[in-house]
Every structure is written in C-alpha cells, then in structure tokens.
Amino acid sequence: MEEIKGFSNKILEINLTDKSWSVSEASNEDRRMFLGGKGLGMKLLYDRLKPGVDPLGEENILIIMPGVVTGTGAPCSGRFEAISKSPLTGIIATASCGGPFGIQLKTAGYGGLVIRGKSKDKCVVWFDHNTVEFRDATDLWGLDTVETQERVLSSSKTESKKEAILAIGPAGENLVRFANISSGHRFLGRGGLGAVMGSKNLKAVVAKGAHYKIVPAEPEKFQKVKKKATQFIKNDAVTISMGKFGTATNVKFVNKGKMLPVWNYSFGDHEHAFRISGEMIKEKHDTKVHTCKPCSIMCGHKGTFNGKEAPVPEYETLTLLGSNLGVFDTDAISRFNDICNKAGMDTISAGGTLGWVMEAVEKGLISPDLFVCSTKSKQDELSAKKESSDDVDKTQSGTPRKYSLMFGSIDGIEDALESIAKGEGFGKEMGLGSRALSHKYGGKGFAIQVKGLEMAGYDPRGSYGLGLAYSVANRGACHLSASLMAFEVFLGLLKPDTARSKPQFVKFVEDLTCGVNALQTCHFTMYAYTLEPMLTKYTPKFILKNLMLWLPELALALFDFSIYPSLFSSITGIKMSSKEFLKAGERIHVLERYMNTREGIRSRDDALPDRMVMETIVRDKKKRVVPLKEMLVKYYKLRGYNNDGVPVPKLLERLKIPSQPCCSS
Amino acid sequence: MLPSYYEFHNPVKIISGNKALDNLPSELEILGAKRPMVVTDKGVAGAGLVKTFIDSFGSSGMTIGAIFDDVPPDSSSEVVEKITAIFRQNKCDSLVALGGGSVIDTAKGVNILVTENSDDLLKFSGAEVLKKKMKPLVVIPTTSGTGSEVTVVAVISDIKRNLKMPFASTYLLPDIALLDPRMTLTLPPKMTAATAMDAMCHAVESYINLQKNPMSDAYAVAAIEMIRKNILTAVSDGTNAQVRLAMANASTMAGIAFSNSMVGVVHALGHAAGGICHIPHGVAMNIFLPFGLEYNLPKCHENIGKLLLPIAGAEVYARTPESRRAEQTINYIVELRKALNDLCGLPMNLKQAGVTEDKLYEIAQAAINDPSIVMNPREMDANDALAILKKAFQ
C-alpha cells in the first residue's frame with residue numbers, strides 16, 4: 001500500500017452540472033496557515049464562493065475535509081468536517097462528524113473534496129483514488145438515510161466493502177433548512193447541509209479509500225504525543241464520565257445550574273430532569289459503547305429503547321426534543337431521534353423549532369389546526385377517530401379539544417417531525433426553522449435562535465460566557481464555538497453570572513476550538529488536553545478560579561494545550577508552537593467572520609433572543625439575564641473588529657488573510 | 001360551584017412533627033387512657049419502629065397493656081377476634097394502631113368488638129350501624145397513602161364466609177392521628193410511590209366527584225400540591241424526614257377530603273382489580289388514575305383543568321390556555337407515573353402488574369358493582385369499564 005506522509009494537498013473537485021472532475025492542489029502555505037479540516041476547508045471555500053449566492057442554488061459549494069489527524073490512529077481521530085453556505089442561516093455553516101467517510105476520503109488520497117454545481121438528474125457520486133463516477137439515484141430518492149447507505153453499499157462492486165458514504169434522507173431532498181448529512185450512524189448535523197446536497201440533486205457521495213496508508217512524518221515523536229494524549233484522556237474525570245454515561249452526563253450539571261431548556265427555555269430546571277440523565281439512561285436502557293471510530297473517549301452509546309436496539313440520544317437531542325418540549329420520556333425521545341436520523345434532520349433545530357411552535361400555539365399566534373396530523377394517512381385516521389368519539393371530543397365550553405402539540409405531551413411530535421421531513425402541510429413551513437416562522441407569525445422574542453440557527457441545549461442565563469459565545473459564534477447559536485459552560489457550570493472554574501473575563505475566555509476558546517476543528521480531532525479532547533497537563537491540574541482550584549476571574553490573561557497562560565500543535569507537527573513535519581497554533585485558530589475564526597460580514601452580518605446580528613436578555617428564568621431567585629452588550633463591546637475590541645463587528649483591515653493583515661480571495665474558481 | 005347542601009366532618013386531632021410521637025403518652029392521658037394496646041405488624045416491628053414507639057413512653061408512667069405485632073397485609077375477622085381476646089385478657093382500655101391500612105382497619109375492628117362487647121363483627125357491618133362512642137383510638141400511620149387515620153370507614157375480610165365486610169360510621173374516626181416522619185423513613189421506594197399515588201387518587205377523585213364541597217376541595221388541593229412537591233424526593237431519598245412528614249400530611253389531608261366527598265371510578269376499578277387479581281391498592285390507583293380522568297373528562301373538564309394548578313404549579317397553570325388545562329392535568333399525571341416507573345419500577349399498566357387479559361371482563365363486572373362508583377361524575381356501565389381496562393392493560 002502506498003503511503004501518505006501526514007496529509008495530502010490533493011483536492012478532488014467535482015462539478016455536478018457537467019459531471020466533470022479535476023484535482024487541484026492546496027498550497028503548503030495554506031496548509032501551514034489554515035492547518036486542515038475546517039481551517040483549510042474555510043480557505044478553499046473563501047477562494048471559490050462568491051458572496052451573496054443562493055445557498056440552495058447551483059453556485060453554492062459543499063466542501064468535505066478530512067482532518068490532519070484523520071487516519072493516523074491518534075486518539076479520537078475519526079472525524080471530518082463539512083463547510084458550505086447554510087440555507088438555514090444564509091451564512092457560512094460548518095459541521096463536524098465522526099462517521100467513516102473522512103478516513104475513506106483521506107485514504108483515497110485526498111486532502112479535501114469540493115462539490116459544486118447542480119446535477120440535472122438525481123445522482124450519486126462514487127470516487128476512489130483515481131476515478132469519479134456519476135450514477136443515477138432515481139431508485140434511491142425517497143429512501144431514508146439508513147436504507148440509502150445500505151442500498152448503496154449493497155451495490156458496491158468490491159467485496160471488501162471499503163466504501164463509506166455521505167447520504168441524505170427525505171429531509172435533505174425536500175430542502176428542509178435544517179436537514180443534515182449522514183455517514184454511518186453519525187451526522188454532519190447543523191446548518192442544513194443536507195438541503196445543500198438535496199438542492200444539487202445529490203443523494204449520496206461514496207468514497208472508496210484504503211488505497212493509501214497515512215503515516216506520520218515524525219513517527220517517534222507522534223508515538224510519544226499519542227501516548228501522552230491517551231493518558232490524559234484516560235485520567236480526565238470529565239471524559240471518564242462521558243465514556244460511562246455519554247453526553248447525557250451533562251444533564252445533572254445543567255439542571256443544577258438552572259440552564260436546562262424546558263418549555264422553550266422558560267424554565268431552567270425540572271423535577272423530572274433525572275429521567276434524561278446519563279445515569280438513569282445507563283440503568284434503564286442497558287447501554288453499550290457505540291462511537292465514532294477510532295475513539296478513546298467513547299461518549300457515543302446505544303441501548304434498548306422501545307424493545308429494540310437504538311442509539312442513545314445525545315444530550316442535545318435529549319434536551320431539545322426532550323426537556324425543551326417538556327418531554328422526559330426517553331423511549332419517546334428515542335423515537336423522535338429515530339425519525340430525525342432516518343429523515344436526515346438536525347435534532348437541535350427540529351426541537352428548537354417545535355419549541356417555538358408549541359409556544360406560538362399557547363400564545364394564540366398560530367392555530368393548532370394548522371399542524372394537526374398533516375400527512376394524509378394520519379388525517380384519515382384522525383377523522384375516523386373523531387367520528388367515533390364525537391361526544392367525548394368536546395369540552396364543556398364547546399371548544400374542540402383535539403390538539404396535537406402541547407408542552408409536556410408527546411402527542412403529535414412524531415407527526416410533526418414526519419411532516420417536516422416530508423415537507424407536507426404546515427411541516428413545510430416548520431422546515432424553514434424558527435426564525436422564518438417568527439418573521440411570518442410574530443413571536444421573534446421567543447424564537448430561540450441566533451442568526452437563524454436554533455440554540456443548543458444550554459440556557460445562557462445560567463452561563464453568561466456561553467451567552468456571549470452564542471451571540472458571536474460564526475454559524476449561529478452554537479455551543480461548540482466556545483463551550484464556556486464547561487468552565488462556568490460543569491467544572492465550576494469560572495463564575496457563571498458575571499460578565500467579567502468572559503470576552504477573554506470566549507476569544508481564547510474560539511481560537512483553540514478552530515485549531516481543534518482544523519486538526520479534526522474530537523471537541524471533547526479539550527477537557528483532557530487542557531486540564532490534565534501539570535499546570536492546570538496541580539494549581540489549587542481556588543487560585544485558578546480567582547486568576548480566571550480577576551486576571552484572565554494570566555490564567556490563560558496557564559492553559560497548556562501543547563498536545564495539539566505537537567500532534568500537528570509530528571504528523572505533518574511542519575514545526576508549530578502553541579502560539580502559532582492558536583494564531584492559526586484565530587485566523588480561521590476571523591476568516592469565517594469576515595466571510596459572514598461579506599454576507600451582511602453586522603453587530604446587530606450578534607444578538608441573543610429577547611428571552612435571554614430581557615426575561616428571567618422562571619423561579620430564578622437571582623433574576624439573571626445575559627448582560628450581552630457590555631461583553632460584546634469588549635469582545636469586539638479584543639478581536640480587532642470595528643464597532644459594527646467587522647474585522648478591520650489591520651486585523652486581516654496581521655493574520656495574513658487576503659481581503660480578496662484568490663481566484664481558484 | 002357551592003353545593004345547595006353538604007356535610008363535612010373531621011373531629012380527628014392531628015399531631016404532626018419530627019418528634020410528634022413523644023407526645024403520645026400525654027395525649028393518651030388526656031383521652032383518659034391508662035393501658036393502651038398496640039396493634040402493629042411484623043414489617044413495622046422488623047423496621048425497629050415499635051422500639052422507637054416504646055421509647056417514646058420513656059418515664060411517662062403510662063403502661064402499655066399489650067402489643068400485637070402480627071397483623072397480616074390482608075387482615076381478617078379472625079385476627080380481629082384474636083386481638084380482641086388479648087385486649088380483654090390484659091385489661092386494656094384504649095388502642096394505638098401503628099401501621100398501614102390493614103393495621104388501622106384491624107384496630108378499628110377491634111374497637112368495635114371491645115366497645116360493643118361482642119365477638120361477631122358481621123353484626124356491625126354496613127353504614128351507620130354503630131351507635132356507641134368507642135374506646136380511645138390513636139393512629140400512627142407508617143405509610144403515607146390510605147388516609148385511614150382520618151376516615152370513617154374500615155374493611156375487614158371474613159375468610160370463613162368469603163366476604164369483605166365494610167364498616168362506615170363516624171364513631172370509627174380515630175381520636176388522634178399522629179404523624180411522625182420517623183415512622184415512614186424505612187418505607188421502601190416502590191411502596192412509598194404506590195401509597196403516595198393512593199393519596200393522590202383520593203385527593204383527585206374527591207375533587208371531581210359529585211359529593212365534592214368547598215371544604216373537601218380545600219383539603220384535596222392542598223394535598224395534591226404537597227404530593228407534587230415531595231413525591232419524587234420521597235421515593236428517591238426516603239431518608240429525608242421533612243419530605244416524609246410532608247407526604248404524611250398530604251396523605252392525611254387527602255384522607256379527610258375523600259372521607260367527606262367519596263371517591264369514583266378509579267377506586268371502583270382498583271377495588272375490583274385488587275379483589276380479583278390481588279394487585280396492591282396503590283399500584284392499582286397508579287395504573288387507573290389517568291384513564292379514570294380521561295373517562296370523566298367530558299363531564300368535568302373544568303374541574304380537572306383546575307387541578308393543573310396544584311399538580312403542575314402556578315407558572316404552568318398560568319401559561320396553559322384554559323381550554324387545554326384538563327389535558328395538561330392528565331398529561332402531568334401520565335408523566336408522574338413514568339417518573340415513578342423510572343425511579344422504582346412502579347407498574348404503569350395491568351400487564352406489568354401481573355394481570356392477565358382474561359380477567360378484564362370479571363374486573364369490569366366487579367367494578368360497576370363497587371360502591372365507590374356512586375359518586376363518580378359520569379356513569380359507567382360494564383362496557384365502559386371494559387374499555388378503560390383494555391386501555392390500562394398495556
């Protein structure tokens with residue numbers, strides 16, 4: 001088998017319009033500046049995508065990037081990234097996934113895949129190290145993500161079944177703005193990238209890899225770093241807890257910190273929260289490991305739900321399709337999860353949208369009749385039921401009692417999700433997301449989204465730093481841009497209800513996260529890789545806490561994240577210090593922001609929903625609301641943005657970001 | 001709406017507190033008792049509660065005339081007669097019931113025989129047959145559910161004649177109900193949950209049925225709110241004395257409510273299922289409550305809707321449109337049952353409780369003949385009962 005030392009700069013460029021393909025080369029300079037994964041993908045997109053294009057139009061581009069660590073056997077290195085313009089937000093969307101596609105892409109010899117144009121017919125793209133095929137997908141259209149992957153794999157001509165697939169389900173085909181892309185049992189979840197594929201008539205992409213072996217440029221150094229990294233993961237309490245209880249281990253911290261989304265973020269905690277906790281799920285559903293591959297943290301699990309084996313819903317699903325709707329029934333949430341997974345739909349945006357719908361019904365902004373069982377079969381079933389029980393079906397006041405969506409009730413949720421995926425009835429409107437709905441029907445203040453992206457399962461009124469992070473995150477209300485809730489709530493290192501030092505920490509974590517996403521290793525390695533090194537581990541907690549609050553710049557200097565640049569250097573052979581690594585992260589973050597400002601993003605868009613800045617959480621004695629304005633001013637200054645949130649030329653110059661892209665397109 | 005006429009009666013003195021038991025000797029003295037007999041069961045004795053009880057007498061000078069600690073879970077007239085003999089032999093002059101529903105009903109039965117100086121309980125079965133003021137009776141509940149410490153009723157089986165003898169008389173009301181959390185601290189989670197749902201059913205049914213009145217409503221609403229706030233902690237952390245005391249209070253309030261306004265279809269179905277398939281009463285209540293409410297919905301949508309306030313709290317009540325409050329109330333109960341199932345495996349349907357489908361018809365027939373059905377807001381025939389049972393089956 002041929003070898004690739006660290007990475008390949010070969011980029012496979014596919015044009016669906018004329019069914020052509022070519023291979024371009026990323027420059028070594030771009031590789032050094034933008035590392036790989038999300039970073040290099042962002043640069044590729046910057047060079048190719050004109051501002052202002054329709055995200056669902058022919059001109060939009062979908063880029064898939066393996067990471068620097070992908071295929072090397074480093075801990076948690078089974079991830080890859082997608083970058084495009086989002087049909088949900090109208091700005092840049094990025095998504096990370098732990099499915100098998102990334103490794104196949106990289107071992108087919110490519111450092112990236114660029115998909116542009118629009119196929120006339122429904123198609124599947126197959127490629128290996130030296131060929132690209134465009135096959136008809138008429139028979140696959142309408143199949144769910146699981147069926148699609150099974151059908152495509154079964155049609156593989158090779159016996160070894162080395163192919164890995166990116167596939168969309170009905171939600172992507174029907175242009176649901178928060179449709180996702182599946183790979184194995186994992187997803188490129190956020191921002192509606194499934195709809196981008198759907199708009200291109202692209203049902204699936206199949207990569208046959210295993211042609212190249214990925215070897216590190218400096219094997220000895222790599223082994224040393226890998227050993228250390230593995231040890232950190234084994235020792236870290238947070239990652240141990242995730243391995244045991246999955247991401248749902250967060251539920252207990254979040255509920256205690258009064259930041260659990262309940263009833264569309266009205267309440268911050270709930271007496272039934274224990275029912276969706278990782279501990280209860282482990283006990284009740286007999287869970288086993290079911291992770292991305294390779295993985296050392298093992299946060300993904302499967303268990304027995306509704307009498308059969310199913311993936312354990314992730315924390316975000318448990319909260320957005322669970323507590324946020326007032327649902328704590330894990331079997332029901334598993335069914336919702338299954339519908340979303342098979343349809344290829346982001347559970348966070350689906351839950352956030354349904355949360356808005358339930359509240360809009362409650363407030364009388366929309367009629368419940370709009371969305372009662374919009375599918376035809378369900379309508380027939382309902383009218384049959386109604387005929388047989390008309391006497392029971394009236395209230396004392398004569399108002400029709402039949403309802404479908406109500407906080408706290410599981411009734412109607414499955415129908416609603418299916419109608420979204422199929423684009424039927426009011427489902428078509430729900431498939432546009434909560435921002436679009438609130439623009440049409442009112443209720444903007446309780447559309448819990450930023451820049452059009454529905455908020456993740458942490459109420460920022462319990463974690464002000466996260467509030468700032470949500471408001472400035474490039475893809476919208478994303479919890480992974482700077483997961484400050486980890487410091488503020490899970491680890492108890494940073495006082496949550498103060499604006500102090502939050503801008504500094506948000507900027508630092510954003511930059512570091514961009515670096516991590518460029519390596520494309522797991523986000524959760526950040527706990528082990530930054531908290532296990534000696535300085536942070538052995539500094540007494542009260543000193544660390546005070547330093548973080550009062551002297552954040554000094555505290556940040558204590559955070560040793562050198563594992564990341566060491567991984568990069570040992571794999572690529574390119575020397576890189578921690579400072580340079582962080583600067584690369586900063587460069588990636590600012591480039592994405594700059595691209596968003598070219599799409600019209602300004603300070604006014606860095607806003608949290610009114611609920612987060614004007615209303616307190618029910619029963620919150622501290623009456624907290626996010627003090628966004630004061631944090632935002634300081635954050636812009638730290639970032640080098642002007643008052644309107646735009647990166648100034650001096651900043652672009654310092655980070656060597658060209659103010660005009662080079663014309664690779 | 002205010003009924004044109006109603007009666008409400010509860011003369012039982014309630015003594016509640018973390019060390020309420022310590023007041024027992026002086027309270028007995030006030031009642032004129034000198035040699036109380038203690039009636040309890042093996043479970044209570046095994047949990048060390050009898051010792052706590054005896055210690056409470058300390059240096060009070062009061063003599064415990066006798067202790068009977070072998071009341072079975074389904075007490076019978078034979079047991080009552082046996083205890084009556086011991087009572088007489090030891091020249092006791094009063095009764096202290098330390099236990100759950102079976103112990104309390106047994107003590108009430110003993111009180112009938114020793115007061116009437118008879119050995120035939122059957123003679124006194126029925127409503128308002130008893131005519132004499134009884135011996136002092138203090139009840140110390142060790143479960144929080146039956147409410148027997150404040151009710152006018154007792155049910156005792158006559159095994160020889162294979163019948164259940166109901167007794168109903170204001171004379172059966174105990175003199176004192178003594179609520180001490182130490183008495184319920186060791187109650188296992190599943191039993192805690194089942195008895196709490198029994199109390200919940202008492203309160204909910206008393207609030208929606210035909211004999212409801214403003215007094216019983218007040219007790220029912222207060223009981224439901226207190227159950228809502230404490231039930232999950234009581235089940236998950238039984239050692240929390242404050243929570244246990246709250247549950248004991250809630251159970252007593254629910255008992256006062258239903259003792260004055262009676263219960264409905266949930267109890268009718270529960271009694272029938274209990275009689276035929278021996279499902280513990282609290283388990284049956286937990287299974288039937290949402291189905292009973294759904295059945296009654298067309299007749300008392302508004303009242304069920306009003307229960308949303310105590311069952312879910314002010315914020316949820318205020319946010320829920322009036323037209324949907326009744327559904328939300330039922331939904332909250334459904335979710336509470338799921339939570340209890342998650343916490344301790346309390347069965348949510350008849351199948352889980354071990355009932356086989358072939359018994360449903362028999363249960364339905366028994367349910368429509370149960371006296372509890374009389375005050376239910378919606379009439380129920382055998383077909384209705386069978387339909388509910390089928391829904392509750394799995």
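Which residue just after helix 15 of chain A takes a positive phi? Select A:Gly423: its phi is about 70°. Helices here are DSSP runs of H or I with at least four residues, strands are runs of E with at least two, and both are numbered from the N terminus.

Before going on, some housekeeping. This is a predicted model, where local features need pLDDT of at least 70 and side-chain atom pairs count only at pLDDT 80 or more, while totals for chains, interfaces and linings use all residues. Residues are numbered from 1 along each chain as its sequence is written, and chains are lettered from A and ligands numbered from 1 in the order in which they are written.

**Stop 1: helix 15 of chain A**

Now select residues 413-422. Eight of the 10 residues in this helix are buried, so it is largely enclosed by the rest of the structure. (Buried means 20 or more other C-beta atoms within 10 Å of the residue's own, exposed means 12 or fewer, and partly exposed lies in between; C-beta atoms are placed from the backbone.) Among the buried ones are A:Ile413, A:Leu417 and A:Ile420, but also A:Asp415 and A:Lys422.

**Stop 2: the cores**

Next, colour the nonpolar cores, meaning sets of buried Ala, Val, Leu, Ile, Met, Phe, Trp, Tyr and Cys residues joined through C-beta atoms within 7 Å. The largest has 203 residues, and A:Ile63, A:Ala204, A:Met345 and A:Leu484 touch the most other members. Helix 20 of chain A, residues 502-519, supplies the largest share of this core with nine residues. Apart from that core lies another, of 131 residues, including B:Ala20, B:Leu232, B:Val266 and B:Val334.

Zoom in on A:Ala204. Leaving out residues up to four places away in sequence, A:Ala204 touches several others, including A:Val124, A:Leu140, A:Thr148 and A:Ile165. Contact here means C-beta atoms, placed from the backbone, within 7 Å.

**Stop 3: a six-stranded sheet in chain A**

Show the open sheet whose strands run in the order 3-2-7-4-5-6, with mixed pairing. Two strands pair if DSSP finds at least two bridges between them. At the edges, pairing on one side only, are strand 3 (20-25) and strand 6 (92-97). Neighbouring strands are turned by 15° against each other on average, direction ignored; the axes are lines fitted to C-alpha atoms.

Inside the sheet, pick strand 2 (residues 10-15) and strand 7 (residues 112-116): they run parallel, joined by five bridges. A:Asn15 stands opposite A:Arg116 of strand 7.

**Stop 4: a hairpin**

Move to strand 16 (residues 301-305) and strand 17 (residues 308-311) of chain A, an antiparallel pair with four bridges. A:Lys302 has A:Pro311 of strand 17 as its bridge partner. Two residues sit between the strands of this hairpin, and A:Asn306 takes a positive phi near 50°.

**Stop 5: zoom out**

Chain A has 29 helices and 19 strands. Its radius of gyration (taken over C-alpha atoms) is 24 Å, close to the 26 Å from the globule rule for 665 residues, so chain A is as compact as a globular protein of that length. The rule is 2.2 Å times the number of residues to the power 0.38. The C-alpha trace of chain A spans about 80 × 60 × 50 Å along its principal axes, and 61% of its residues count as buried.

Finish on chain B, with 15 helices and nine strands. Its radius of gyration is 20 Å, close to the rule's 21 Å for 394 residues, so chain B is as compact as a globular protein of that length. Of the residues of chain B, 56% count as buried.

Terms used
Two residues are in contact if their C-beta atoms, placed from the backbone, lie within 7 Å. Axes are lines fitted to C-alpha atoms, for helices over the stretch in contact, and angles run from 0 to 180 degrees between N-to-C directions.
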